[in-house]
Amino acid sequence: MFDGLIDGYTQSILIFTGISVIAAYSFFAPFKTGQVSLGQAGFMAVGGYASAVLTQKFGLPFAAALPVAGLIAGVVGVVVGFPALRIKGIYLLLLTLGFGEIISVIALSWDYVGGAQGYRNIPFNPRTLDYVIGIVIVLVIFFGRLERSSLGRAMDSIHQDETAAEVMGIDVVRIKLLAFGLGAMIAGIAGALYAHQATYVDSTTFNIMLAVEILTFVVVGGGSTYWGPLVGAAVLSYLPEFLRALREWLELLPVAATNFFPMNRVYDFLHGFLDFENAKRLIVYGIILILMMIVRPDGLLTRDTIPRLPFARWKARHA
Amino acid sequence: MPEPCLAIESLSKRFGGFYALNDLRMEVARGHIHALIGPNGAGKTTFFNLVTGVLAADRGQITFEGEIVADARPSRRTLRGIARTFQNIRLFPHLTVLQTVMIGEHCRSYPSMWKALASAVLQRPFGEAREEGRMRDNALDLLAFFGLADKCDAKATDLPYGDQRKLEMARALATQPRLLLLDEPAAGMNPHETHELDELITRVRDRGVTIVLVEHDMRLVMDISDRITVLNFGTKIADGSPEEIQRNPAVIEAYLGEDVPL
């Protein structure tokens, strides 16, 4: 759809930003009921491998494999979610972390999916960008409606005081399970999209670093409103590209200015840390996480900032 | 004798070697305000936790409106018609007053989670589910009943203490209970507010809700209770009308003291 409009490089950036946004929403769904999961990378792996097997070994078209991969990841999510119901906080974090490691060990040792060599020659999907944009729009609409609904309010109440919510007749068990399964399904879809864009996945593709990154997206963007994951994932994924563009712009400055104050070298340094393929950016993410916890522990967007934004004020005036 | 609203048979709960409740038997008649009094640590809040399912009983049987209550989970018991408030107020810190009451309504409006999900997905763009308007009207009625209607957009935890207690009652009533357990509703209220509470609790009872009341304010208890059960160290030491309780020597020794300021 966008072939004529955007060059391949920009497309691939948009695709990976979009997949980050989808992954951020997969974290947001269980988080809405207070469940913090470090297993979203694991669910992405389930979806990615499932879709690779379905298309390559069973000959399914990608359009059919994608929802099936999402469903498989969702079912795995519900299975993992059952023991996760009984535990909270740090223990849930450890359980989901363990799940991610189990998935990665299975991927490493199961020869049917390529084992240590990884899964090669996954059919490339030329229309990934269309899919990504469509799915992001669907997710934003879905979570927006959820936020305005009784079910969304029930989820918020579970997040804030589980016992009180249960005593008020909220079916905490089923709603938490629904949120966890939904998150796993969304993660599976993100993983499938990734697999068919990269055409190669192995046991380290969806690792714990990715899980932490997904968490960072939501912490930075804000976990109390449905715009948070979108903003967090988009900002953090696009930041390196923004810096790159800034660097190119700096090149245009007179040499004397940049020699006097070597701004471009500062940007080179920063950019080296934030590069897409660079593990060093995790250092920056760590620093960002610490700063966010100090400055804005609820994220860039919170339920209190949303009504104060210009657009919301405009909408309220014209409602 | 008509069937009681709540019948308790030899209910026991032990924490380690300590009996919080020991072989409790009691009946709460339908339409009564039944007070449960006793010194701190007598087992009153444990009783509430066992009846609502927050804790599991070691022994004994709870019968609500003729049916044995065996559901493990509190939400199922709420659906049956048992609601409660908390001694240490437990409101949701990020919800408004109105939203807090609507949480109570959720289990009646959406008994099925899938229906709730469908209604969330199928609302019109930038609008809300049809059920939502009805829920809001009900919530506003309840808030008006408690005199909180003008504060419906405030954050629940920003309310003054007395209003928070009332809001807890409103939230519990939103689940449409037939039995309401009130855990120290007057704690932290000034005398004026406590006086108001007298009338509020009586009016709730008149709506057809049976009430079990745990309270330390003896004036309130003696004024509005139809029947009183006295607990001490997890055992029942007396049961009777307010007049009988005030004259009961065991109760005077354990709890009320010689000079009852009534």
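In chain B of this predicted model, the centres of domain 1 and domain 2, taken over C-alpha atoms, sit 27 Å apart. Domain 1 of chain B covers 1-81 + 177-262 and domain 2 of chain B covers 91-174, with bounds that come from an automatic or database domain assignment. Twelve residues from domain 1 of chain B and eight residues from domain 2 of chain B make up the contact, where two residues count if their C-beta atoms, placed from the backbone, lie within 7 Å. Helices (H or I, at least four residues) and strands (E, at least two) are DSSP runs, numbered from the N terminus.

Chain B also touches chain A, with 35 residues of chain B meeting 27 residues of chain A. Two or more residues each come from H2, helix H3 (97-109), helix H4 (113-121) and helix H5 (130-145) of chain B. H3(B) gives the largest share of this side, at seven residues.

As for chain A, its secondary structure comes to 14 helices and zero strands. Of its 319 residues, 47% count as buried, that is, with 20 or more other C-beta atoms, placed from the backbone, within 10 Å of their own.

Residues are numbered from 1 along each chain as its sequence is written, while chains are lettered from A and ligands numbered from 1 in the order in which they are written. Local features need pLDDT of at least 70 and side-chain atom pairs count only at pLDDT 80 or more, whereas totals for chains, interfaces and linings use all residues.

Key: Buried ≥ 20, exposed ≤ 12 C-beta atoms within 10 Å, placed from the backbone.
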